[in-house]
Amino acid sequence: MATANKNLSNYDKSTLPNAKDFRFGIVVSEWNDHITNGLYNGAEAALLDCGALPENIISWNVPGSFELVYGAQRMIVTQEVDVVIAIGCVIKGETMHFEFVCEGVTQGIKDLNVQTDVPVIFCLLTDNNEQQSIDRSGGIHGNKGTEAAIAAIKMADLRRKTM
């Protein structure tokens, strides 16, 4: 398992660009909100810790993970953000729904990254059970939201350097 020996919340702030001049969008799925709220909290805390201004963090909720793509696209078009973090959680069940949602969100976020000049960070937990999601949203493996925030800072910086 990729995260078995890695804490997702570890980062070295001294190696990162200061986030104070970037505008961050965060789109959060309400489905499995006991998980996505933890991911959001980790992302927001890391952004603030790295210098982001609270007024430059825009967050929207969408009903489920499948709606993350539309929410991210609308945020790009309407909010003048430097980067968007798409936060969701899909837990495998007994039907094919898991595969369809995960594939759709993955392809949708990939499409936004290719079709727009605003990076969209993939923070979608796709776990086999609820405990795996808990472990990655502030549990024993840290917080994937924190990891997504660090990626967002790096990608916002790359975007700015290449415009």
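Which residues of the largest nonpolar core touch the most other members?

1. Basis of the note. This is a predicted model, in which local features need pLDDT of at least 70 and side-chain atom pairs count only at pLDDT 80 or more, while totals for chains, interfaces and linings use all residues. Residues are numbered from 1 along each chain as its sequence is written, and side-chain values use heavy atoms, with hydrogens and water left out.

2. The largest core. A nonpolar core is here a set of buried Ala, Val, Leu, Ile, Met, Phe, Trp, Tyr and Cys residues joined through side-chain atoms within 4.5 Å, where buried means under 20% relative accessible area, exposed over 50% and partly exposed in between, with a 1.4 Å probe and protein chains only. The largest such core has 28 residues, and those touching the most other members are Ala 19, Phe 24, Ile 26, Leu 47, Ile 85, Ile 87 and Ile 153. Two or more residues come from each of E1, H1, strand E3 (83–91), strand E4 (120–127) and H5; helices (H or I, at least four residues) and strands (E, at least two) are DSSP runs, numbered from the N terminus. Apart from this core lies another, of 21 residues, including Val 62, Ile 76, Cys 102 and Val 105.

3. Surroundings of Ile 26. With neighbours within four places in sequence left aside, Ile 26 is in contact (heavy atoms within 4.5 Å) with residues that include Tyr 40, Leu 47, Trp 60, Met 75, Ile 85 and Ile 87.

4. The aromatic pair. The structure holds one aromatic pair, formed by Phe 22 and Phe 24, with an edge-to-face geometry of 6.2 Å centre to centre and 85° between the planes. Rings of Phe, Tyr and Trp (its six-membered ring) pair if their centres lie within 6.5 Å, and planes under 30 degrees apart count as stacked, over 60 as edge-to-face and the rest as tilted. Both Phe 22 and Phe 24 are buried.

5. Asp 82. This residue lies in the loop between helix H2 (68–79) and E3, and Asp 82 is buried, its relative accessible area being 8%. The side chain of Asp 82 reaches the backbone nitrogen of Arg 23 at 2.7 Å and makes a polar contact with the side chain of Arg 160 at 3.0 Å. A polar contact is a pair of N or O atoms within 3.5 Å; within protein, one must be able to donate a hydrogen and the other to accept it, and residues adjacent in sequence count only if both atoms are side-chain atoms.

6. Salt bridges. Taking a salt bridge as a side-chain nitrogen of Lys or Arg within 4 Å of a carboxyl oxygen of Asp or Glu, the count comes to nine. Asp 49 and Lys 13 meet in one of them (3.3 Å, N to O), which links distant parts of the chain, with Asp 49 in helix H1 (residues 33–49) and Lys 13 in the segment before strand E1 (24–29), 36 residues apart. Another joins Lys 161 to Asp 157, with the closest N and O atoms 3.0 Å apart; both residues lie in helix H5 (residues 144–162), four residues apart, about one turn of the helix.
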